[in-house]
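The following paragraphs lead the reader through a predicted model. Please view the sequence and the structure together while reading.

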Amino acid sequence: MVASEVRALFAVATRPEVVSLAGGMPYVSALPLEQVGDLVAELVARRGTVALQYGSGQGDPELREQICAVMRLEGIEASADDVVVTVGSQQAIDLITRIFIDPGDVILVEGPSYVGALSTFAAYQARVVHVAMDDHGLIPEALAQTIYALQAAGSRIKFLYTVPTHQNPTGVTLDEGRRIQVLEICRRAGVLVVEDNPYGLLGFDREPMRALRADDPEGVVYVGSFSKTLAPGFRVGWALAPHAIREKLILAMESAVLSHSTFSQLAVAQYLATQPWQEQLKAFRELYRERRDAMLDALEVYMPPGCTWTRPGGGFFVWLTLPEGLHSKAMLPRAIAQRVAFVPGTGFYADGGGAQHVRLSFCYPEPDRIREGVRRLAAVIEQELRMRDTFGTGSTPGRTGVDTPSPDLA
């Protein structure tokens with residue numbers, strides 16, 4: 001386990017004068033907080049003796065039924081018996097890794113990939129191998145070549161971890177044709193797929209994509225979360241797994257926490273049963289679309305030549321590529337000095353790559369703050385370019401490796 005070098009900087013970045021384009025924090029102020037407060041109070045009044053007691057290791061049965069209804073929006077037909085409720089999706093990733101990984105086993109991941117998953121994989125001493133992606137998601141040919149080379153070398157590939165829809169950190173989405181190809185490649189190679197899908201219902205321009213799990217119930221473990229579509233404070237996620245894996249997940253869950261929060265589960269279940277949650281999803285999508293557009297417009301206006309960026313169709317993030325010779329982690333302290341924060345790309349690679357990249361989050365700041373943050377960041381990049389042109393390539397930090405995230409950065 002590796003401590004983050006950038007975490008201390010973000011103690012400064014939380015000051016009100018700093019525009020933070022770093023944290024992947026949902027905008028919970030858009031929730032009907034008064035109604036949420038009322039349903040929580042009603043839950044305690046009516047079912048307090050149940051809500052405040054231990055629960056089962058698999059999770060509340062009513063909530064598991066409701067989770068199946070949520071997943072149906074992405075084409076998944078599943079039984080509540082195969083759902084295991086977890087303490088956020090991060091714990092689901094941890095439990096799956098605990099079940100499958102012995103030190104030295106290979107996990108395939110996109111390059112770049114979600115920093116929280118990378119830190120978990122590192123803690124279990126997995127060998128993480130990145131597979132190339134582009135603006136259409138994971139590249140099937142690169143996946144096939146990587147699997148072939150690893151298996152020919154005798155490496156044990158335990159699973160492919162992927163965030164196929166509105167990916168963290170790039171914001172890109174695996175297109176429909178590639179989804180079928182990726183599943184077929186993994187099926188032929190005997191490689192399990194772990195599909196992490198926290199942003200699947202937060203698309204801006206179309207109906208939700210069909211999940212990988214919808215087309216391969218036996219070859220895919222689906223990981224979901226209410227952190228982005230409701231609120232992260234409830235800490236409720238889940239894993240949908242084939243039967244044999246589900247049984248091991250329940251054992252691992254009971255070993256880890258004995259019983260997760262019955263109160264949180266029943267609160268989420270009551271929200272889904274009594275509130276117009278699909279209308280709330282629509283409100284979130286419209287809010288995040290406006291902020292995405294503000295960021296993309298500002299990038300077009302302010303960024304110097306040589307910068308490129310993704311154009312996400314949903315989710316929380318834009319992936320910015322800096323001009324040659326700039327190092328995002330080396331640039332971060334100078335950016336914070338200019339009152340703007342971002343997450344360096346190095347945190348999203350297990351091999352120390354990503355120095356030329358920056359993750360920008362548009363989910364939390366107001367549109368005007370986003371524009372001002374991008375303007376400040378562009379000024380920092382222009383200053384870095386002048387330094388590069390005068391002195392050559394900039395200095396680089398000495399250590400490489402995974403930066404363990406704090407929750408608001410993940």
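Eight strands form an open sheet in the order 2-9-8-7-6-3-4-5, with mixed pairing; strands are DSSP runs of E with at least two residues, helices are runs of H or I with at least four, and both are numbered from the N terminus. Two strands count as paired if DSSP finds at least two bridges between them. The edges are strand 2 (83–86) and strand 5 (137–138), each of which pairs on one side only.

This is a predicted model, in which local features need pLDDT of at least 70 and side-chain atom pairs count only at pLDDT 80 or more, while totals for chains, interfaces and linings use all residues. Residues are numbered from 1 along each chain as its sequence is written, and side-chain values use heavy atoms, with hydrogens and water left out.

Strand 6 (residues 157–162) has five of its six residues buried, that is, under 20% relative accessible area with a 1.4 Å probe and protein chains only. Strand 6 pairs in the parallel sense with strand 3 (residues 106–111) over four bridges. Within this pairing, Ile 107 has Phe 159 as its bridge partner, and Val 109 lies opposite Tyr 161. Strand 6 is also joined by four bridges to strand 7 (residues 192–196), and these two run parallel. Here Tyr 161 stands opposite Val 194. From strand 6 the chain passes through helix 7 (residues 176–189) to strand 7, a right-handed β-α-β crossover: with the strands pointing away from the viewer, the path from the first strand over the helix to the second runs clockwise.

Note on methods:
Buried < 20%, exposed > 50% of the residue type's maximum accessible area, 1.4 Å probe, protein only.
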